[in-house]
Amino acid sequence: MAKPDPRLRTSTGLVLLACAPGLLTLLWLQGWGLLCNLLLCASAALLCEALLVKLRGQPVSVALNDGSALVTAVLLAAALPTQAPGWLPVVAAVVAIGVGKQAFGGVGRNLFNPAMVGFAFVLLSFPLQMNQWPGQPSGLFESLQQVLGGGEHIDAWAQPTILDGLRHNRSLTLDELFASHPGFGSIGGRGGEWVNLAFLLGGLFLLQRKVFSWHAPVGLLVGLSLFSLLAWNGSGSDSNGSPLLHLFSGSTMLAAFFIATEPVSGPRSEGAKLVFGFGAGLLIYLIRTWGSYPDGTAFAILLMNLTVPSLERLALRRQRADR
């Protein structure tokens, strides 16, 4: 097994650093449950990676040194509900590494974004547990009780559910919904606005360090903004929300800068990256508005992963035609 490229270790380190503002904001808004998710996801991901690599007879230390399993764990922890039982992040991380990554041969060979594979699996398999979000920051003791199964069932508004509330609204204008719904803030989800801004700042840092190009993030944000603008009809009761609401609610900035930019499962050429991001933005909007799930990032990214070979072939044909 070849040693991992030192540039890969550097880029994963920068990605982890760029996640810090968003994670700290989530910790501030949602409490210690996020830290429990981080520890459980990281432990499960690293152990699963080490076990599967060892079973294939490859050096464990080399496989873990690239840091990709830890990045997958961090992205999962940021996306999972912070009041879910402790087994949920463990299952998500094991599926992400075992099915989303190692089943395809390990680093550099996965066809799908591993974090989104794990997230989609638990979302489809355990919908009740995936809706356990805190209405206010939880203390360490309360979070441990919930993780270990001794806490009360949580049924409270949080950033993903404002998109669900918007989609099922039939009687209130958008202004009335913002005024009456505890999950709405100024332009998006209460608290979710700050989380998205924090991940946006982290993403801009990665762009400045040239960890990835601008094409996929800009494509996703433009696609989401364009279609939400075309379908926006003001503040009526049948409104699907403004572009600003969609940009600063749910997992938009996390998706744009940390998920759509995954280098292995995404396209390589710049034009293909732009189309990939644009398609993901369109699918996120369609799922948020008319689908059965309030956000849709995982399904949008996984569906666009399927199009990568075709996008690369089209980009290659265009390059040949331009010569």
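This is a predicted model: local features need pLDDT of at least 70, side-chain atom pairs count only at pLDDT 80 or more; totals for chains, interfaces and linings use all residues.
Biologist: Take helix 4, then. What makes helix 4 largely enclosed by the rest of the structure?

Modeller: Buried means under 20% relative accessible area, and 11 of the 12 residues of helix 4 are buried, so the helix is largely enclosed. The buried ones include S68, A69, V71 and T72, and the run from A73 to A79 also shows up in that list, with L75 and L76 among them.

Biologist: How do you know that the span of helix 4 agrees with what it should be?

Modeller: At 1.5 Å a residue, its 12 residues should span 16 Å, and the end C-alpha atoms are 17 Å apart, so the two values agree.

Biologist: Why is T72 called buried?

Modeller: T72 has 8% relative accessibility. The cut-off for buried is under 20%, so T72 counts as buried. T72 sits in helix 4, residues 68-79. Leaving out residues up to four places away in sequence, T72 touches A96, I97, P114 and A115.

Biologist: And what makes N37 buried?

Modeller: The relative accessible area of N37 is 1%, and buried means under 20%, so N37 is buried. N37 belongs to helix 2. Its contacts, not counting residues up to four places away in sequence, are A77, L80, P81, T82 and P89. N37 and L76 are 39 residues apart in sequence, yet their C-alpha atoms are 8.4 Å apart in space.

Biologist: Helix 2 also meets helix 5. Which values describe how helix 2 and helix 5 cross?

Modeller: Two packed helices are described by the angle between their axes and the distance between the axes. For helix 2 (residues 33-55) and helix 5 (residues 87-98), the axes come within 8 Å and cross at roughly 35°. The crossing is right-handed. N37 turns up again here: helix 2 brings N37, L40, C41, A44, A45, C48, E49 and L52 to the contact, while helix 5 brings P89, V90, A93, V94, I97 and G98.

Biologist: How do the residues of that contact divide into nonpolar, polar and charged?

Modeller: The contact of helix 2 with helix 5 has 11 nonpolar residues, two polar and one charged.

Biologist: On to the rings. Why is the pair of F199 and F258 called edge-to-face?

Modeller: By the pairing rule there are five aromatic pairs. F199 and F258 form one that is 5.6 Å centre to centre, with 70° between the planes. F199 lies in helix 10 and F258 in helix 13 (residues 252-259), so the pair ties together parts that are 59 residues apart in sequence. Both F199 and F258 are buried.

Biologist: What makes Y285 and W290 an edge-to-face pair?

Modeller: Their centres are 6.0 Å apart and the planes stand at 90°. The limits are within 6.5 Å and over 60 degrees, so Y285 and W290 pair edge-to-face. Y285 has 1% relative accessibility and counts as buried. W290 has 58%, and exposed means over 50%, so W290 counts as exposed.

Biologist: Back to helix 10. How many residues has helix 10, and what does it reach?

Modeller: Helix 10 has 17 residues and reaches 24 Å from its first C-alpha to its last, close to the 24 Å expected. F199 is one of its buried residues, and G192, E193 and L206 are among the others.

Biologist: Why is K210 called exposed?

Modeller: K210 has 74% relative accessibility. Exposed means over 50%, so K210 counts as exposed.

Biologist: Last one: why is G13 called partly exposed?

Modeller: G13, in helix 1, has 34% relative accessibility. That value falls between the 20% and 50% cut-offs, so G13 counts as partly exposed.

Note on methods: Residues are numbered from 1 along each chain as its sequence is written. Side-chain values use heavy atoms; hydrogens and water are left out. Rings of Phe, Tyr and Trp (its six-membered ring) pair if their centres lie within 6.5 Å; planes under 30 degrees apart count as stacked, over 60 as edge-to-face and the rest as tilted. Helices (H or I, at least four residues) and strands (E, at least two) are DSSP runs, numbered from the N terminus. Buried means under 20% relative accessible area, exposed over 50%, partly exposed in between (1.4 Å probe, protein chains only). The expected span of a helix is 1.5 Å times one less than its number of residues. Axes are lines fitted to C-alpha atoms, for helices over the stretch in contact, and angles run from 0 to 180 degrees between N-to-C directions. A crossing is left-handed if the near helix is turned anticlockwise from the far one by less than a right angle, and right-handed if clockwise. Contact means heavy atoms within 4.5 Å. Ala, Val, Leu, Ile, Met, Phe, Trp, Tyr, Cys and Pro count as nonpolar, Asp, Glu, Lys and Arg as charged, and the others, Gly among them, as polar.
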